[in-house]
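The following note sets out several points for a colleague who is examining this model. Please read each point with the sequence and the structure at hand.

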Amino acid sequence: MHDFWIRVSIPVALSALAALVIWGMFSAAIALVSMLVLLLIVMAYHARQLFKLGEWLKDARPETIPEAGGIWDEVFSQLYKMVKKHNQTKQKLAEELQHMEQATAALPEGVAILNEANRLEWFNPIAQQHFDLDAEHDIMQDITYLVRQPEFVEYIHESPSGKSGLGKPLLMRPLRHADMVLSIRLIPYGGDKRLLITRDITQFERVEAMRRDFVANVSHELRTPLTVVNGFVENLQDMPDLGQDDARRALHLMAEQTRRMENLVADLLTLSRLENDQSPLREETVDMSALLDEIYRDGRLLSGKKHTLQLEMQSKAKLLGNREELLSAFGNLLGNAIRYTPEGGAILLSWSERDGQPVFSVQDSGIGIAPEHIPRLTERFYRVDRSRSRETGGTGLGLAIVKHIAIRHQAKLEISSEEGKGSTFALVFPVRRQMTED
Ligand code: ADP
């Protein structure tokens, strides 16, 4: 401060000194005029620097700071440091804000900030997707005008700020995405504001529905044979003097039903083992010629000479995979071909190669499948003709098992069929599973 006044006073003091000298040399009037002129020059200099400062402040960038001498040099250099520091802080804040935005954009949940009047102050891209919001026009709009479903409006109004957001979430299907299920929650924060959190639980709901269907299906599948067996047992109890033939017939039918239950339980266990992520695929080089011979022989037994069975080995390649699982998948496909092909039909088993990919296929001249059923065949318990499947000992789980085994081997199950003409089921394995050498 002291230094400042000294430096400001120097030009004035020098002017006064010059005026004194002029007074001594000429007259007081000339000295006074000279001093006035000198002071005017000092003032003009300061006015010019002030003007430069004013101009610079209109767009204060450190690189355009004006240059000056004396006291102004100090002022400008202080300003330079200040603006530079301010810019650094601004950049740091911008980076932090960008990080925050990136983090919220990466969140799997939708997040929106509602003010005390339910107006949208901010939302992330997922919330934008869930509610079909417009990032430009919907800011500061009342959320209940943008999402008008009554249950949503009621939820927003019935969860006033201040109330705990840990209450029951709202489950809702957005109007414009009817196939989506959202779980919505409101969390109060920062005074009167609220965070609106949305989570897409479509997949979770689907799995839940599948689980419920599965339990219902299994119970239904087991109840029918159990009822039959129970009926026979009661009959046998009520009629101890039943004739031998009748008793034998009853026992035969009971054995049939228990076998059905046994098959179902066996298939269920196989499925659950295959679905268990904890049991990775144990791989080995499988000798396909031996494996297909075994399948072929089992097929002939199952068919009981009712069909013409043929095996074509077009490839000598071995396969990298799990022998037991492959046996189960191929056996299921051949079993289906036999069961869904009327007597006298032809079935062709083949092992071949397509663009380096090993292919196992079963072609039959059976009843075929209408196109609308094909995409659903691998669903658990999906059957085109329920009674035909049951009559031939089907559990409705065969193709679900095949699909799982295919997935575990990164193979693709291809189904082509024509109603009344026959079907072809092919398992196409990836090239890397082909083993051409021992
Ligand atoms: P299922 O035990 O009922 O045979 P799958 O899962 O093996 O159960 O097959 C599902 C359904 O696909 C069968 O019920 C049947 O309608 C149809 N299907 C499977 N293979 C064939 C085939 N080769 N020919 C005609 N229909 C078939």
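**Notes on the predicted model**

1. Phe 381 is located in the loop that runs between β10 (357–364) and α11. The model is a predicted one, and in it Phe 381 has a positive phi of about 70° although it is not a glycine. Phe 381 counts as buried because its relative accessibility is 3%.

2. The loop between β1 (110–114) and β2 (120–123) is where Asn 118 is placed. With a relative accessibility of 9%, Asn 118 counts as buried, since the limit for that class is under 20%.

3. The domain assignment divides the protein into domain 1 (2–100), domain 2 (107–200), domain 3 (205–275) and domain 4 (284–435). Between the C-alpha centres of domain 2 and domain 3 the distance is 50 Å.

4. Buried residues of α8 include Ala 247, Ala 250, Met 254, Gln 257, Arg 260 and Met 261. Further along the helix, Leu 264, Asp 267, Leu 268, Thr 270, Leu 271 and Leu 274 are buried as well. Among the elements that cover the buried residues of α8 are α7 (202–238), α10 (323–339), α11 (386–391) and α12 (398–408).

5. Asp 267 calls for separate comment. This residue belongs to helix α8 (residues 244–275). Asp 267 is buried but has no salt bridge. Which side chain of opposite charge is nearest to Asp 267? It is that of Arg 339, at a distance of 8.0 Å; a salt bridge would require the charged atoms to lie within 4 Å. Apart from neighbours within four places in sequence, Asp 267 is in contact with Thr 395, Leu 397 and Ile 401.

6. Turning to aromatic residues, the count of aromatic pairs comes to five. The ring centres of Trp 72 and Phe 76 are 5.8 Å apart and the planes meet at 40°, so this pair is tilted. Trp 72 and Phe 76 are four residues apart in helix α3 (residues 70–106), which means that about one helical turn separates them. Trp 72 counts as buried because its relative accessibility is 11%. Phe 76 is buried too, its relative accessible area being 3%.

7. Phe 131 and Phe 152 also form a tilted aromatic pair, with 5.4 Å from centre to centre and 55° between the planes. This pair links distant parts of the chain, 21 residues apart: Phe 131 lies in helix α4 (residues 125–131) and Phe 152 in helix α6 (residues 150–158). Both Phe 131 and Phe 152 are buried. Elsewhere, Phe 330, Phe 360 and Phe 429 form one aromatic cluster.

8. The whole structure contains 21 salt bridges. In one of these salt bridges, the side chains of Glu 121 and Lys 193 meet at 2.8 Å, N to O. Glu 121 is in strand β2 and Lys 193 in strand β5 (residues 193–200), so the pair ties together parts that are 72 residues apart in sequence. Glu 121 counts as partly exposed at 29% relative accessibility, and Lys 193 counts as partly exposed at 24%.

9. Arg 433 and Glu 283 form a salt bridge through their side chains (2.9 Å, N to O). Arg 433 lies in the loop between β12 (422–428) and β13 (434–435), and Glu 283 in the loop between α8 and β6 (284–286), so this pair ties together parts that are 150 residues apart in sequence. Is Arg 433 buried or exposed? Arg 433 counts as buried, because its relative accessibility is 0%. Glu 283, in contrast, is partly exposed, with a relative accessible area of 40%.

10. A further salt bridge joins the side chains of Glu 379 and Arg 376 (2.8 Å, N to O). Glu 379 counts as partly exposed at 34% relative accessibility, and Arg 376 counts as partly exposed at 40%. Finally, a network of salt bridges links Glu 221, Arg 383, Arg 386 and Arg 390.

Definitions and conventions: Residues are numbered from 1 along each chain as its sequence is written. This is a predicted model: local features need pLDDT of at least 70, side-chain atom pairs count only at pLDDT 80 or more; totals for chains, interfaces and linings use all residues. Side-chain values use heavy atoms; hydrogens and water are left out. Helices (H or I, at least four residues) and strands (E, at least two) are DSSP runs, numbered from the N terminus. Buried means under 20% relative accessible area, exposed over 50%, partly exposed in between (1.4 Å probe, protein chains only). Lys and Arg count as positive and Asp and Glu as negative; His and the chain ends are not counted. Contact means heavy atoms within 4.5 Å. Domain bounds come from an automatic or database domain assignment. Rings of Phe, Tyr and Trp (its six-membered ring) pair if their centres lie within 6.5 Å; planes under 30 degrees apart count as stacked, over 60 as edge-to-face and the rest as tilted.
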